[in-house]
Amino acid sequence: MCTVCGCHGTVTFDPGPEVKSPLPPAAAPVSSLAAAVSAVAGMTPRSRAAPKPAPAHHHDHGGCGCGHDHDLHHYGQGAAGVSVPGMSQERLIAVETSILSKNDALAAENRRALAARQVLALNLVSSPGSGKTTLLCETIRAMGARPLAVIEGDQQTSADADRIRATGAPAIQVNTGKGCHLDAAMVGHALTALNLPQGACLFIENVGNLVCPAGFDLGEDAKVAILSVTEGEDKPLKYPDMFTAARLAILNKIDLAPYCGADLAAYRANLRRVNPHIEILEVSARTGEGMQGWLNWLAARQSEKAEAL
């Protein structure tokens, strides 16, 4: 996870032309704390860009948390689930706990603010190219006059937010720079520019990445993992943390399944292998197939939120 990748950078916010007043200064992104891990290990993002040649192979890995044989080198089998040269598993757990506890506190603030307005917040996560933005645009059009807003996360450009705004929906673009995910501080800052009405739906389109967003709570009610049928049936097995964290998986682009030999039954089986309780919908945002099931799911979650408060 990105508690050890050192991802950080300048975060910019584009509220769009409909927001007249400037946003207040942004809080420091929680993910910037990840650089502390590399600093402890004597590395910086710059120094890691040009690594030294690997030392000669040996079998003493010094408790680094990596399982090893001649055919498979697994660096995620220690207690921390990750390995960083020069850092013990205990130190990695302490650093990750510190980073995530700060993020969790900010996420709790976001959740309280959203609950006060009975806003349903969904964190849309996927790999790049899964069709998140297209699905979101079609969803917005289908929802008609129902109140909603979007927070768009990308490393650069406002292209996706521009597409959302073209539907008539308000959108805040968050550019994370070198950061590989949104965090609770970024979302909380973006919320200050959105005047969300009572009972609205907030879609948070995370940065395209099936690793780091799994570990960062944004204050959402649920994570929705979008998986294109062109990506391969084994994707849930390769990235289990994301699909374990998700309440719903949307198999998108099912109109392409016959042309790429996709096995939808295998997708469903692998999703439930890593998360037996995950809900699964099959959708084509392009043709509209399955969209009504997605809209019904959204309506049910909004009703649940209203009844719970």
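Predicted model: local features only at pLDDT ≥ 70, side-chain atom pairs only at ≥ 80, totals over all residues.
Reader: Which strands stand at the edges of the open sheet of eight strands?
Author: The open sheet has mixed pairing and the order S1-S6-S5-S7-S4-S8-S9-S10, where strands are DSSP runs of E with at least two residues and helices are runs of H or I with at least four, numbered from the N terminus, and where two strands pair if DSSP finds at least two bridges between them. Each edge strand has a single partner strand, so one side of it is left without a neighbour in the sheet, and the two edge strands are S1 (12-14) and S10 (279-282).

Reader: Which residue of S6 stands opposite Phe-13?
Author: S1 and S6 run antiparallel and are joined by three bridges. Opposite Phe-13, the residue in S6 is Val-174.

Reader: Is Thr-176 buried or exposed, and what is its relative accessible area?
Author: Thr-176 is placed in the loop between strand S6 (171-175) and helix H6 (184-191), and a polar atom of its side chain lies 2.7 Å from the backbone oxygen of Gly-179. Buried means under 20% relative accessible area, exposed over 50%, and partly exposed in between, with a 1.4 Å probe and protein chains only. Thr-176 is therefore buried, its relative accessible area being 1%.

Reader: How many residues apart in sequence are the parts that Arg-111 and Asp-217 tie together?
Author: The side chains of Arg-111 and Asp-217 meet in a salt bridge at 2.8 Å, N to O, the term meaning a side-chain nitrogen of Lys or Arg within 4 Å of a carboxyl oxygen of Asp or Glu. Because Arg-111 lies in helix H3 (residues 89-116) and Asp-217 in the loop between S7 and S8, the separation of the tied parts in sequence is 106 residues.

Reader: Which helix holds both Arg-141 and Glu-138?
Author: The side chains of Arg-141 and Glu-138 meet in a salt bridge at 2.8 Å, N to O, and Glu-138 is partly exposed, with a relative accessible area of 30%. The two residues are three apart, about one turn of the helix, and both lie in helix H4.

Reader: How many salt bridges does the structure hold?
Author: Among them is the pair Glu-231 and Lys-235, whose side chains meet at 2.8 Å, N to O, and both of these residues are buried. Salt bridges that share partners also join Arg-247, Glu-279, Arg-301 and Glu-304 into one network. The number of salt bridges in the structure is twelve.

Technical notes. Residues numbered from 1 in each chain as written. Heavy atoms only, no water. Polar contact = N/O pair within 3.5 Å; in protein donor to acceptor, adjacent residues only side chain to side chain.
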